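Hi,

Here is the structure I promised to pass on. Please have a look, and then read my notes below.

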Amino acid sequence: MGKIQAFAKFLDQPRLVGNFSKTLPPLLAAGAGAMVINDTYNAPKEKRKRVFIQNGLTMFGAVASSLYAPTITSRIFRTAPEAVKFNKLEKYNSELVNDFLAKNKVNSKTEQLLHKIKSKVLNVSEIKNLSENLHTNDGRALFNNLIPEPENITSKEIFSEIGRLSVFGLIPVLGGIAGGILGDGLTDREYKKKIPNKVKEGAYQYLANIFLCNVGAGVALAVLEKMNIKSKAARAFGMVSGIILTGVIGGSAIANLIGKKVINKCFKETDTKERKPEALDICLHTDDIATVAVMSGLKWIEPALPALYSISGYRAGIGYRGDKNKQAG
């Protein structure tokens, strides 16, 4: 096993995924709080209270909804939340290791690592060592049971996964808009005038940065599946290409068209300013790379999705329309 393969296997350890899932919420909350405090501090003194309330509630709506999104999504799609339960994992690993050691002889170092993996995370070199010493059929089976291999989803599962991830991404956008409207309502008598921009920015964030990218990745994956292409590298490249064609190139145009033809009419708006893609929008497509990884079977990336989607939710909630001076404060 090479270093890259060992690193990939290291990331796939269920206990590491569980640790990441537990660590992310407080880190995300701390980062969001720090951002609100920074915005408040940098605002003029007479506006600080207003900025704190508006940006604080917007951020709370985006972050809280993004953290709760996995639970809501699992209920909608009737899937069990994939939270790692450490006591059950330790029991499961212990049974696998004990049964294997009772039937197979290994060197002392390998036995030590097998006992360690029952309740702890192995580092990359330990993963590599363990893989190289579990070379029998039983050993390989044990290794892949302890650290399951990523599974390529089938063509039948593709669009269900797209639907799940698209709902997952929609929730933080709606949460950010709700928080933004509440914050404006508490500090601005004319808060209703800001709602159209929030809805248009929300549509832009969701369509250009989330939904259409998911569709593009899914369509590309379906085509590759029909062509019977199993290579993970080829599937990943194909899905990234689909994201570029639908989300990065087409998503902005479609979102702006909906803003003009639908949202403006609903709110009787006359503002026809188009939202142009910016550097941060391109950076936000990091969540699409995460989507590609999830669709490719790399479930360790999924705990990071709330943090990535909460950015879109926040920008929707402040009604960001490409003008740096036009924020919630």
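Met227 is exposed, with a relative accessible area of 54% (exposed means over 50%, buried under 20%, partly exposed in between, using a 1.4 Å probe and protein chains only). Met227 sits in the loop between helix H9 (195-226) and helix H10 (232-267); helices are DSSP runs of H or I with at least four residues, numbered from the N terminus. Together with Phe159, Val219 and Val223, Met227 makes a nonpolar surface patch of about 380 Å². Such a patch joins nonpolar side chains within 5 Å, from residues with over 30% relative accessible area and no salt bridge.

A word on the source: this is a predicted model, where local features need pLDDT of at least 70 and side-chain atom pairs count only at pLDDT 80 or more, while totals for chains, interfaces and linings use all residues. Residues are numbered from 1 along each chain, and side-chain values use heavy atoms, leaving out hydrogens and water.

Now the charges. The whole structure holds 8 salt bridges (a side-chain nitrogen of Lys or Arg within 4 Å of a carboxyl oxygen of Asp or Glu). In one of them, Lys198 pairs with Asp184, with the closest N and O atoms 2.9 Å apart. Lys198 lies in H9 and Asp184 in helix H8 (residues 155-187), so this pair ties together parts 14 residues apart in sequence. Both Lys198 and Asp184 are buried.

Glu190 and Lys193 form another salt bridge, at 3.5 Å from N to O. Glu190 is partly exposed at 49% relative accessibility, and Lys193 is exposed at 60%. Elsewhere, shared partners link Arg50, Asp188 and Lys194 into one salt-bridge network.

Best wishes

How values were computed. Patches are made of residues with over 30% relative accessible area and no salt bridge: like charges are joined within 9 Å, nonpolar side chains (Val, Leu, Ile, Met, Phe, Trp, Tyr) within 5 Å. Accessible areas come from the Shrake-Rupley method with a 1.4 Å probe; for residues, only the protein chains shown count as cover. Helices (H or I, at least four residues) and strands (E, at least two) are DSSP runs, numbered from the N terminus.
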